[in-house]
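Here's a quick tour of one protein chain, written for someone who likes cut-offs spelled out. Take a look at the sequence and the fold first.

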Amino acid sequence: LDALELAPGAQLVFGGDSVDKGGADLRFLRSLLSLQERHPGRVHTVLGNRDINKMRLLAELSPTHMLPATDCHGVYWRRQAPTATPAAFLARQPAGPQQQDTRAARLRWMLGETMGAPNAFENRRAELAVLGGGGGGGATAGGRPGDDAVLASFVDEALRPAGVVRRYLEGAKVAVRLGSVLFVHGAVRAANLGRVPNRAARCESVDEWVAALNTFAAAEVGAYCDAADAFLATGATAWPGGDDRLGAGFFRRPGGALMAYGMARQYDGTPSPTVVYASFLQDGHARPVEPEVVRFLAAGGITTLVTGHQPHGDSPVVMRCATDDGAELTVVTADTSFSAEVEWTDGDEDGAAREPEFPPGRTVALPTPQWGPPRGPPPPPRRQPRGGAAVEVLLRDGGGVEVHGRLSDGSEIDFDA
């Protein structure tokens, strides 16, 4: 756990989504939290949608509120999916115990059908086997961690005070500002600019906005933790009864306002004014940054905005933005986790990569940005899109952005953006 170390004078920002996609969620979080404890004030964590949605486990898996599969109509954002309901999901499972309506089966459905993490349950089973967990009543005849052990691991890590998911939630923020650099999980767009849930007026400055967002998130996580403690002590949880739990009342629970903020859309279909579930990309291609975003952030002393959330390619996308009245901003979106989907097609006849051609001056000039023509839609998703790309973004206070690492074909990059 102490293998990670921080360079002298450096600070580390982890941009969120700490769980769900890899096979070492527990070990990664333990290492990250250990590093944060050893370097207080220098390791910062951001709330991603995959971190926030684990707060759902408290109410939806509690024996009090877990509806029978036949009565559960599914979550509002997946109503059209063929396995939108737990009953439909169970019907598709192999005949036998896997079709039983258990809490473990409900967790499988939640992860795979409502959180976009179909491999997370089995990944956790494999990790518990590596860690030597899941013995006793939670083990199968062959010593392999059983479904109950996997269920207990997900619930305990999210609910108990010592759980790594709960500890991550308690320490992470919606927005992190370090000098002239701002970090959020998704994107800052005109629709969410200065917006804070349960607050009618927009914030007038960057610092006011960052403080208000983080105060809101801390209060919501605190309410969730209080409810988790009460559940562990009494077995009771607060959530409105009836079908309203699956509709307009879905987020009417402790921490629910933060869960709603981590969603793309609300129950009534309106887009969420969120920096968590937002993106600077569309169909895999960069979208222009609105001039009002550039002006607002630049007025607050922000020179660089760093985001992630939506996977793309195998190298960070760097956008240099400027308005007609002189405001400037560099945007870096750096989620390269789906690098196995990259297709190397842009080359000369001999296959060699071409040097990119940029217009004179700024790469992007707003409000009339100069964007190269898209090279077609992204390739179809693969069952295992995670590739071998590993890229680090180094930021200097004042605006410097350096990128270096390894692309999906094994070649190395090293450039000053």
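## Ground rules and overview

This is a predicted model, where local features need pLDDT of at least 70 and side-chain atom pairs count only at pLDDT 80 or more, while totals for chains, interfaces and linings use all residues. Residues are numbered from 1 along each chain as its sequence is written, and side-chain values use heavy atoms, with hydrogens and water left out.

The protein chain has 11 helices and 12 strands (DSSP runs numbered from the N terminus: H or I with at least four residues for helices, E with at least two for strands). Of its 417 residues, 45% count as buried (under 20% relative accessible area; exposed is over 50% and partly exposed is in between, with a 1.4 Å probe and protein chains only). Take the contacts (heavy atoms within 4.5 Å) between residues at least 6 apart in sequence: 68% of them join residues at least 24 apart.

## Helices H5 and H6

Helix H5 (residues 103-114) packs against helix H6 (residues 120-131) at an angle of about 120°, and their axes are 9 Å apart. Axes here are lines fitted to C-alpha atoms, for helices over the stretch in contact, with angles running from 0 to 180 degrees between N-to-C directions. H5 and H6 are therefore oblique to each other (under 35 degrees is roughly parallel, over 145 roughly antiparallel, 65 to 115 roughly perpendicular, and the rest oblique).

On the H5 side, Ala104, Leu107, Arg108 and Leu111 meet Ala120, Phe121, Glu122 and Arg125 in H6. By class, the contact of H5 with H6 has five nonpolar, no polar and three charged residues (Ala, Val, Leu, Ile, Met, Phe, Trp, Tyr, Cys and Pro are nonpolar; Asp, Glu, Lys and Arg are charged; the others, Gly among them, are polar).

## Aromatic rings

How many aromatic pairs are there? The count comes to 11, where rings of Phe, Tyr and Trp (its six-membered ring) pair if their centres lie within 6.5 Å, and planes under 30 degrees apart are stacked, over 60 edge-to-face and the rest tilted. Tyr76 and Phe251 form an edge-to-face pair, at 6.1 Å centre to centre and 85° between the planes. Tyr76 is in the loop between helix H3 (57-60) and helix H4 (86-91), Phe251 in the loop between helix H9 (206-234) and helix H10 (256-261), 175 residues apart. Tyr76 is buried at 12% relative accessible area, and Phe251 counts as buried at 15%.

Trp77 and Phe250 also pair edge-to-face, with 5.5 Å between centres and 90° between planes. This pair links the H3–H4 loop to the H9–H10 loop, 173 residues apart. Trp77 counts as partly exposed at 27%, while Phe250 is buried at 1%. Ring pairs join Tyr76, Trp77, Trp239, Phe250, Phe251 and Tyr267 into a cluster.

The charged end of Arg253 sits over the ring of Phe250, 4.7 Å from its centre (NZ of Lys or CZ of Arg within 6 Å of the ring centre and within 35 degrees of the ring normal). Likewise, the charged end of Arg124 sits over the ring of Phe154, 4.1 Å from its centre.

Val393 lies in strand S10 (residues 390-396) and counts as partly exposed at 21% relative accessibility. Leaving aside neighbours within four places in sequence, Val393 touches Pro316, Val332, Ala334, Val401, Glu402 and Val403.

His39 lies in the loop between helix H1 (25-38) and strand S2 (43-45), and at 12% relative accessibility His39 counts as buried.
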